[in-house]
Amino acid sequence: MSGYKIVIPARYASSRLPGKPLIDLAGKPMIQHVYERALEAGAEDVVVATDDDRIADVARGFGADVVMTSPDHENGTERIAEVVSVKGWPADTVVVNLQGDEPLIPKSLIELTAQGLLQNADAGMSSVCTPVTTAHDAFDPNVVKVVLNERHFAMYFSRAPIPWDRDLYKESQEEVTGRMPVYRHIGMYGYRVSFLNDYREMAPCPIELTESLEQLRALWYGVGIHMSVIDQAPGHGIDTPHDVERVAAILKAGHHK
């Protein structure tokens, strides 16, 4: 699959795992595994975006195209917007944000994220969600929910249990509504360059700050977000030393392919 680009934002700073992109996993730095997953997805261009010379040197060492970005960005979207500006990519270009701590990401998920934009010209962003099947997840504020319209565009994201089944939930909150699907948002993003160009001028908005959900800024300003539905959430990235051991074992065994 072609017709899109991938940017891998990679920061050295991490409260729990400093230098996370350079952690050795089965003989390679983590950022190299992520880069290889990107190449497997067949994108036209793969760029590593970083503000740290150590990461840049390692990435260039295994052949990656690197763009040095400002250390002052508040999130990965801002970092990718800078890359887009540096590269001068056309407004209709599709860019997938591949996090630098996802060495097990399946290429199918990268492709699906790109397809959401390639197949929906009126979408400025794309993302992914998966069905919620337990009341624990539905009512957990750490599990972000999303309501979709008939075209699978996001209507709203929330930490609250949405959609709220008025009749069921006033009696019991021990099961999930069956009246319509409940979806959990998976933080995989694609962007159209035209949106990223506009994003620099989009001030943080009240609903984004209230829910502490960055993607609500796009909805606030009228940007369409297409959501692809997958059967189950992909494996988590790397946040703890235990994650490092687990993922290294999977990579050594070759079970990520």
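Tutor: In this predicted model, the largest cavity has a volume of about 70 Å³. The count of cavities of 30 Å³ or more is one.

The lining of the largest cavity is made up of T77, M125, Y189, Y191, F195, Y199, E214, Q215 and A218. Two elements each give two or more residues to that lining: β10 (183-192) and α7 (193-199). Sorted by class, the lining has six nonpolar residues, two polar and one charged.

Setting aside neighbours within four places in sequence, N75 is in contact with Y199 and E214. N75 sits in the loop between β5 (65-68) and α3 (76-87). Its relative accessibility is 15%, so N75 counts as buried, the limit being under 20%.

What does the side chain of N75 do there? It makes a polar contact of 3.3 Å with the side chain of Y199. A polar atom of the N75 side chain also lies 2.9 Å from the backbone nitrogen of E78.

Now the cysteines. C129 is buried, because its relative accessibility is 0%. C205 is buried as well, with a relative accessible area of 1%. A disulfide needs a pair of cysteine sulfur atoms within 2.5 Å. By that rule the model has zero disulfides.

Last, a look at D243. D243 belongs to helix α10 (residues 241-253). Its relative accessible area is 12%, so D243 is buried. Not counting residues up to four places away in sequence, D243 touches G237 and I238. V58 and D243 are 185 residues apart along the chain, and their C-alpha atoms are separated by 22 Å.

To recap the main part: the largest cavity, about 70 Å³, draws two or more lining residues each from β10 and α7.

Methods: Residues numbered from 1 in each chain as written. Predicted model: local features only at pLDDT ≥ 70, side-chain atom pairs only at ≥ 80, totals over all residues. Heavy atoms only, no water. Buried < 20%, exposed > 50% of the residue type's maximum accessible area, 1.4 Å probe, protein only. 1 Å grid on protein atoms, 1.4 Å probe; cavity = no way out; pocket = protein on both sides within 12 Å on 5 of 7 lines; lining within 4 Å. Points joined across faces, edges and corners; volume = space filled by probe spheres on them. Helix = DSSP H or I, 4+ residues; strand = E, 2+ residues; numbered from the N terminus. Nonpolar A, V, L, I, M, F, W, Y, C, P; charged D, E, K, R; others polar. Polar contact = N/O pair within 3.5 Å; in protein donor to acceptor, adjacent residues only side chain to side chain. Contact = heavy atoms within 4.5 Å.
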